[in-house]
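Please walk through this protein chain by way of its strands, its sheets and its ring contacts.

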Amino acid sequence: MARKLFSAQFRSHKARSFALCVCAVSVLLVGCGAPKGQQVIDDGGVKLAGIPNLAEGREIPSGVKGVGVSLSRVVDGEAASLSAAFSSSSYEPRLEFNPESGQVWDWSAAGENIGLALRVTNPGDHSAQLFVSVYDAKTFGTRSFNLPAGSSGNFYFDLNGPALALDTGMRDAPALYDNAATAMTWMWGNKALDLTSIRRIELNMKSILSDRTLVFEDIRLAANGAFQAQNLQGIFDQYGQYAPQEYPDKIHSDDALRASAAAEAEKFAEQSGFPDRSTFGGWLNGPRYEATGFFRTEKIDGQWALIDPEGYLFFATGVDNMRMDNTVTMTGIDFAEPGERDGAVVASELRKQLFQWLPDEQHPLSSHYVYRPVVHTGPVAKGEAFSFYRANLERKYGADYLQRWREVTIDRQLDWGFTTLGNWADPSLYDNGKVAYVANGWIRGEHKRVSSGDDYWGPLHDPFDPVFIESVKRTVAQVSTEVQDDPWCMGVYIENELSWGNTKSDAGHFGLIIHTLSRNSNESPAKSAFVEILKNKYSTAEQLSQAWSLPVASWDAFATGFAMPEPGEGSLQIEGALREDFSLLLESLSARFFSVVQQELAAVMPNHLFLGARFADWGMTPEVIRGAAAHVDVVSYNLYTEGLAADNWAFLSEIDKPSIIGEFHMGATDSGSFHAGLVSAADQQERGEMFRDYMHTIIDNPSFVGAQWFQYIDSPASGRAWDGENYNVGFVTVADEPYGALVAAARKLNAELYPRRYGQKND
């Protein structure tokens, strides 16, 4: 995915056993003015110099600042609190807690097994997801929580407890401390922070669709509570569900699965469908345009539109990942020889003990084991994995479960009103003849790569390498074989969330250029191309040196390797001609990548739209978007927020290209998942409401021609094998049970889709 998340690498340390009472330590934020170890014992706790308690005083505390956040004090008798109004007009409104200028907080004297604790109230009528980031001198860690409307809660951010040493193979786990407060959900950054040099706390929201006000009553350091490793033992039942929690869609027997299948089949037989749809899912009741027999784009009265093969207006709604690939979870078992069970060894005792039940090799459901030769992150590098979802399908539908799954999956999309199958649908679904789909391809090969310095999913392809063209040819040939010039194919995505860089800093923005310029042209085709681009602009190396105000002895020396000077105080600043040229090189890199793919697609699949490479909202820059827009039919983005924030998407009118959202989702933790996903809701009902609100921002934007939800099936609650994601982001559970509130919201939105988007075109 999405996501999508930064590396969660952290220093390993021995897990310690603590038996600390939650209230045993009450620590104010620690100021650097207090030498390490200097303490004043007060009420059984440790009290150190730092910012004042939010419950004391009548003024905004020193060091507290709002950016896109209005602050005020709430006084009730002797008690006081801090009211923070987060503005929806700011893309990332944030509340900062800072030490005195030039100083840091030293939290190390507070001891072991502590966390940052918050008490907060949400007086509004919409839940609020708050991201909490703690920054040390070099890095940061981010967690989040969701506070339902009209409620108060206590939350804690584990800073140095023994749980941080555990690699569970899950993005987040059940609560591991004896603590009445709620653990904040792990998001991204680093788990191990240098508590001797804390320089900032940030509390932020992201692209909220309405203003939110939170009232903070307390922020402090406090004990996490006794570590409870037993909370990871035997927590998943025979259906892959979290055993200790009950919820409406939970399955308790095979009979319940079969009864659910029969009831859903009966419902499908009674549904009348969506009568305003054309053969391909376009707007049958609207105007008709030129029909080419394939999907195409057209700008009509200032608004971009898809046109279906019959000439009807079309808007792409759909759900990603209708396939079995990401349904497996690691069991903790490996083999001396891959696939040879006789040589079984326990690779992770923790993973092995998570499960109440796994089939032995004689069990009928043992066919749902697979062997994973590599994983991206987790406690095991390879090994046995099991798909509870596939096992549940066999329990539910019988021996022909895969064929029944294909039929039910298509029936659901028709019943729910979606117009496409989203990205990464199993190719066996392509020829369904009822719902349009998108195809996808991954570029693989021995071509060279370039680095941005922050390559989460891996370094970017070097599009200037001639071998890259051959790699793209193979990719396109494979996709073409799967699609076979099918008019039901809306278009093709190539690649996903590549490491293009970001605009949070100049180092992130131009990381691809900085790293590539440091390389030797003989080893890097991109570097060689950059040298030629700059030679075409500057007659001599001396002119380049003068323009950049940096030493360049000769073109030969520059080609061998050019290193940017280390920044002094503060972050790297790239300005003037240097910034102009770095922008030129970055756009050239992007344009080369997308032009090569466009050329190869046009040669083999000329009738199908090129839908781009799905930019992550955390990994794109203006130059890269411009380079793509010149060569794709539709620009694609993965956007995990509550919806579009107009001020952050003003560039859409500048590039003047149709756009599509390739991924978004909302999740909750009320149905057996420990992690709600990248955007959280209070519960399943609000998931549906937030889906609707997000989609309205897309449907109402003249540049967008669709949005596709990620994903069809919940991530395994025990963590997907590849990277441990265990998000509640599915339209269906691990037992293949649809989430009723989300489905109802989708049906209603899709029923109103075309009148809302194109109603004014109904002549």
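**From a strand pair to the sheets and rings**

Thr-121 has Ser-152, in strand β11, as its bridge partner. The model is predicted, so local features need pLDDT of at least 70 and side-chain atom pairs count only at pLDDT 80 or more, while totals for chains, interfaces and linings use all residues. Residues are numbered from 1 along each chain as its sequence is written, and side-chain values use heavy atoms, with hydrogens and water left out.

Strand β8 (residues 114–122) runs antiparallel to β11, and eight bridges join the two; strands here are DSSP runs of E with at least two residues, helices are runs of H or I with at least four residues, and both are numbered from the N terminus. Two strands are said to pair if DSSP finds at least two bridges between them. β11 also pairs with strand β12 (residues 182–183), in the parallel sense and over two bridges, and there Tyr-156 has Ala-183 in β12 as its bridge partner. Six of the eight residues of β11 (residues 151–158) are buried, so this strand is largely enclosed by the rest of the structure; buried means under 20% relative accessible area, exposed means over 50%, and partly exposed lies in between (1.4 Å probe, protein chains only).

Leaving aside residues up to four places away in sequence, Glu-96 touches Gly-63, Val-64, Lys-65, Val-67, Arg-200, Ile-201 and Glu-202, contact meaning heavy atoms within 4.5 Å.

A further open sheet has nine strands in the order β30-β29-β26-β25-β19-β34-β33-β32-β31, and its pairing is parallel. The edge strands of this sheet are β30 (609–610) and β31 (615–616), each pairing on one side only. Helix α14 (residues 684–699) packs on the sheet, where it touches β19 (316–319), β33 (659–663) and β34 (704–709), and its direction makes about 160° with that of β34. Within the sheet, five bridges join β26 to strand β29 (residues 489–494) in a parallel run, and Ala-439 stands opposite Val-492 in β29.

Asn-423 belongs to the loop between β25 (420–421) and β26 (436–441) and is buried, with a relative accessible area of 1%. Among the residues that Asn-423 touches, not counting those up to four places away in sequence, are Asp-320, Val-438, Ala-439, Tyr-493 and Gln-708.

The aromatic rings come next. Rings of Phe, Tyr and Trp (its six-membered ring) pair if their centres lie within 6.5 Å, with planes under 30 degrees apart counted as stacked, over 60 as edge-to-face and the rest as tilted. By this rule the count comes to 51 aromatic pairs. One of them is the stacked pair of Trp-283 and Tyr-754, at 6.3 Å centre to centre and 15° between the planes. Trp-283 lies in the loop between α1 (254–270) and β16 (296–300) and Tyr-754 in helix α16 (residues 753–758), so the pair ties together parts that are 471 residues apart in sequence. Both Trp-283 and Tyr-754 are buried.

Trp-357 and Phe-386 form an edge-to-face pair, at 6.4 Å centre to centre and 80° between the planes. Here Trp-357 is partly exposed, with a relative accessible area of 24%, whereas Phe-386 is buried, at 0%.

Notes: Axes are lines fitted to C-alpha atoms, for helices over the stretch in contact, and angles run from 0 to 180 degrees between N-to-C directions.
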